[in-house]
Amino acid sequence: MKKIQIIALILLLSVSGVFAQTTKKKRSIKPKNFQKRVTTIVSEKTRYYYSLNDKKASVISVEGPGVLRVMTRGRFIPKQDNSIKYEIVYSVDGGEFQKYKVSGVKRSKSATYLNGSLGVPGQLKDFEIELGRGYHSIEFKLKNKSIPVAARYMFTKTKVKKQEWIAYSPMQPSEPVDLITRESTVNYYRFSTDKPMEIEINGPTELRVLTRSENHFEMKGRIHYRLQVTENGKVLNTIQLSSRYSEITTYKDNKELVPGKAREFVIIVPRGRHHYKLIPLDKDKSTLLARLLIPKKDVKLAD
């Protein structure tokens with residue numbers, strides 16, 4: 001009997017552990033800039049939505065891979081028709097804008113605004129955006145401002161696809177910097193606003209970019225930095241990253257600086273030959289470090 005009870009307890013703890021891990025993966029995301037909050041009561045639970053604007057973009061930043069669920073509610077104002085329609089446009093990592101259209105939206109029977117003078121929330125309409133590994137920046141706007149719309153964002157982390165990666169070198173001149181991490185030497189390259197990193201590569205492939213800030217000992221707390229990815233003078237993406245001092249990585253030959261924790265983003269390289277530049281945007285941050293990786297299966301293609 002005791003043996004059965006022990007087995008049952010182990011199974012219960014295992015299920016609880018799996019459930020806890022699953023629930024931790026899903027989290028609510030708040031826009032980084034335009035943050036006009038609309039408090040909505042849904043089935044007696046408080047939910048925070050954020051207004052969308054036709055001129056100011058709401059920017060969501062997340063680290064993939066994962067799925068971003070975008071939950072939207074249009075707003076009915078007094079003397080409005082029985083249904084409404086609206087259109088949201090969004091861009092992932094500076095790419096072309098995509099459209100999300102909804103029509104025939106009725107008044108919600110389960111949701112109200114905390115501020116009753118706002119009117120009545122519309123039915124929930126949502127869509128999902130699948131994101132690959134690395135940091136992503138997604139912009140959301142209203143196509144027009146005829147119907148007020150607010151959105152709520154939930155991100156669910158997914159497992160990283162297993163793949164073997166190898167180091168890839170930028171164009172010369174690039175200053176190599178050796179870092180020591182877990183007793184192994186890892187090669188990075190230093191670049192700056194005046195001397196951006198330039199990369200020549202053949203596609204289609206993926207280019208993983210691991211960046212680190214370079215910190216002096218007197219710099220405290222979280223370090224924020226921005227960089228642009230350009231091709232032939234055209235801005236493909238502007239990325240904002242945030243890091244702290246690395247606790248396991250040091251410079252091999254420099255005791256005056258402390259590297260930041262690695263922060264990653266991915267450039268999807270289309271078919272053909274491409275010339276990219278990585279340009280830091282914060283002149284007060286001096287220099288950044290980067291390490292480039294490509295899938296091992298694409299080695300012959302990338303050369």
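Author: Threonine 72 stands opposite lysine 125 in strand 9. Strand 4 (residues 58-76) and strand 9 (residues 125-142) run antiparallel, joined by 14 bridges. Strands here are DSSP runs of E with at least two residues, and helices are runs of H or I with at least four; both are numbered from the N terminus. Two strands count as paired if DSSP finds at least two bridges between them.

This is a predicted model, in which local features need pLDDT of at least 70 and side-chain atom pairs count only at pLDDT 80 or more, while totals for chains, interfaces and linings use all residues. Residues are numbered from 1 along each chain as its sequence is written, and side-chain values use heavy atoms, with hydrogens and water left out.

Strand 9 has another partner. Strand 5 (residues 84-92) pairs with strand 9 in the antiparallel sense, over 5 bridges. Here valine 92 stands opposite isoleucine 138 in strand 9.

Now the charges. A salt bridge is a side-chain nitrogen of Lys or Arg within 4 Å of a carboxyl oxygen of Asp or Glu. By this rule the count comes to 10. One of them joins aspartate 126 and arginine 69, with the closest N and O atoms 2.7 Å apart. Aspartate 126 lies in strand 9 and arginine 69 in strand 4, so this pair ties together parts that are 57 residues apart in sequence. Aspartate 126 is partly exposed, at 33% relative accessible area. Arginine 69 is partly exposed too, at 30%. The cut-offs are these: buried is under 20% relative accessible area, exposed is over 50%, and partly exposed is in between (1.4 Å probe, protein chains only).

Other salt bridges lie elsewhere. Glutamate 175 forms one with arginine 190, and the closest N and O atoms are 2.6 Å apart. Glutamate 175 is in strand 12 (residues 175-181) and arginine 190 in strand 13 (residues 184-192), so the pair ties together parts 15 residues apart in sequence. Glutamate 175 is partly exposed, with a relative accessible area of 43%. Aspartate 54 and lysine 55 also form a salt bridge, at 3.3 Å between the closest N and O atoms. Aspartate 54 is partly exposed at 22%, whereas lysine 55 is exposed at 59%. Arg133, Arg208 and Glu264 are linked in a network of salt bridges.

Some lysines gather instead. Lys85, Lys99, Lys101 and Lys143 form a patch of positive charge on the surface. Patch residues have over 30% relative accessible area and no salt bridge; like charges are joined within 9 Å, and nonpolar side chains (Val, Leu, Ile, Met, Phe, Trp, Tyr) within 5 Å. Lys and Arg count as positive, Asp and Glu as negative, with His and the chain ends not counted. One of the four, lysine 99, sits in strand 6 (residues 98-105). Lysine 99 counts as exposed, because its relative accessibility is 56%.

Last, a buried spot. Proline 295 is in strand 20 (residues 287-295). At 1% relative accessibility, proline 295 counts as buried. Threonine 205 is 90 residues away from proline 295 in sequence, yet their C-alpha atoms are 7.5 Å apart. Tyrosine 168 is 127 residues from proline 295 along the chain, with 9.7 Å between their C-alpha atoms. Tyrosine 168 is found in strand 11 (residues 165-168). Tyrosine 168 is buried as well, at 12%.

Key: Accessible areas come from the Shrake-Rupley method with a 1.4 Å probe; for residues, only the protein chains shown count as cover. The place of a charge is taken as NZ of Lys, CZ of Arg, CG of Asp or CD of Glu.
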